[in-house]
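Dear colleague,

I am handing over the structure that we spoke about, and below it you will find my notes on what turned up in it. Please read them with the model open beside you.

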Amino acid sequence: KMAVFVDRGQWAILLLASPWLLFPTPDRSAIILVVPALWICAGLAGRGCLPSTPLNVSLIVLGIMVLVSLVATYDIAVSLPKVSGLVLGFGAFFAVARTGGEKAWWLRILAGFMALGVVIAAIGLLGMQGGNKIAFLSPLLNRLPMAVRGLPGAEEGLNPNQVAGSLLWIIPAMTMAAVHNKHLWRQTPAGASRGHAIAVISLSALSLLFVSSVFVLTQSRSGYIGLAAMIALMLMVGIDTRWRRWLAVGMIVGLI
């Protein structure tokens, strides 16, 4: 019964443990054991320790190599933040895989993912180091207040390339949600439900605009290239089959 209770509250437990997993110290490194403990409780509750996904084998190999890195590291305090972050990533991935199969949960996870993207963009905007790569963007970025400082590993501010790399995971999901919302409007009957549709469409559009604007302000050339490749791949999936080969040829020519 205790295992079932813990398994039902896996998201709450993971969220409560996440601050210590994101900012670990050697004296509280045992918090890492929370994630495998959740998997064991899921197995005792009869749901299987880990949900079956196409990435299970790859993640198990990655986990083994993390253990190897702990043995080989010259200082556990230096490696601990990366290791702890990976463990949190494992926990979040399998929690999403376990609950994301249900439509109601899937929608909540998507909404939470996009909300987290807005928070990351806001933190990046207020804590990003200045840059001078693009002339007309530099004055805008340099005028922003450095309100977020002193974070572990980023005491002098956030690296713009890291901010751009984080937002690269958010923008495609927000873009596809915005595209889907166009169909949501068409399928929504007139009346009170239209107000809800307008609110959802407006919120998703504003979120996409804000996150994309912060991404542009990072002035990360590698981020721009990554976004261009991602858009090309999204188009390749969405367009007609006969055009995919020409798009692939264009990508190869562009890379050359």
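This is a predicted model: local features need pLDDT of at least 70, side-chain atom pairs count only at pLDDT 80 or more; totals for chains, interfaces and linings use all residues.

Residues are numbered from 1 along each chain as its sequence is written, and side-chain values use heavy atoms, with hydrogens and water left out.

**The chain as a whole**

The protein chain has 12 helices and zero strands, where helices (H or I, at least four residues) and strands (E, at least two) are DSSP runs numbered from the N terminus. Of its 256 residues, 29% are buried, a word that here means under 20% relative accessible area, with exposed standing for over 50% and partly exposed for what lies in between (1.4 Å probe, protein chains only). The accessible surface comes to about 16300 Å², and 72% of that belongs to carbon and sulfur atoms; the areas come from the Shrake-Rupley method with a 1.4 Å probe, and for residues only the protein chains shown count as cover. If one takes the contacts (heavy atoms within 4.5 Å) between residues at least 6 apart in sequence, 67% of them join residues at least 24 apart.

**Nonpolar cores**

A nonpolar core is a set of buried Ala, Val, Leu, Ile, Met, Phe, Trp, Tyr and Cys residues joined through side-chain atoms within 4.5 Å. The largest one has 19 residues, of which L167, I171, M174, V211 and F215 touch the most other members. Two or more residues of this core come from each of α6 (103-127), α8 (160-167), α9 (171-187) and α10 (192-217), and α10 gives the most, with five. Leaving aside neighbours within four places in sequence, L167 is in contact with G117, I120, A121, V211, V214 and F215. Apart from this core lies another, of 13 residues, which include V35, C41, L80 and L88.

**The second largest pocket**

Grid points are joined across faces, edges and corners, and a volume is the space filled by probe spheres set on the points.

The second largest pocket has a volume of about 370 Å³ and is lined by 17 residues, with W39, G63, L67, V87 and F90 nearest its centre. The elements that give two or more residues to this lining are α3 (34-44), α4 (56-72) and α5 (76-99), and α4 gives the most, with seven residues. The lining divides into 16 nonpolar residues, one polar and no charged, where Ala, Val, Leu, Ile, Met, Phe, Trp, Tyr, Cys and Pro count as nonpolar, Asp, Glu, Lys and Arg as charged, and the others, Gly among them, as polar.

Q10 has its place in helix α2 and counts as buried because its relative accessibility is 11%.

**Single residues to look at**

- L62, found in helix α4, is partly exposed, with a relative accessible area of 37%; beyond residues up to four places away in sequence, L62 touches L86 and F90.
- M128 is found in the loop between α6 and α7 (138-142) and is buried, with a relative accessible area of 3%. The C-alpha atoms of M128 and L158 are separated by 4.5 Å, although the two are 30 residues apart along the chain.
- Q219, in the loop between α10 and α11 (221-238), has a positive phi of about 55 degrees although it is not a glycine, and at 1% relative accessibility Q219 counts as buried.

With best regards

Technical notes: On a 1 Å grid over the protein atoms alone, a cavity is a set of points where a 1.4 Å probe fits but cannot get out, and a pocket is an open set with protein on both sides within 12 Å along at least five of seven lines; lining residues have an atom within 4 Å of a point.
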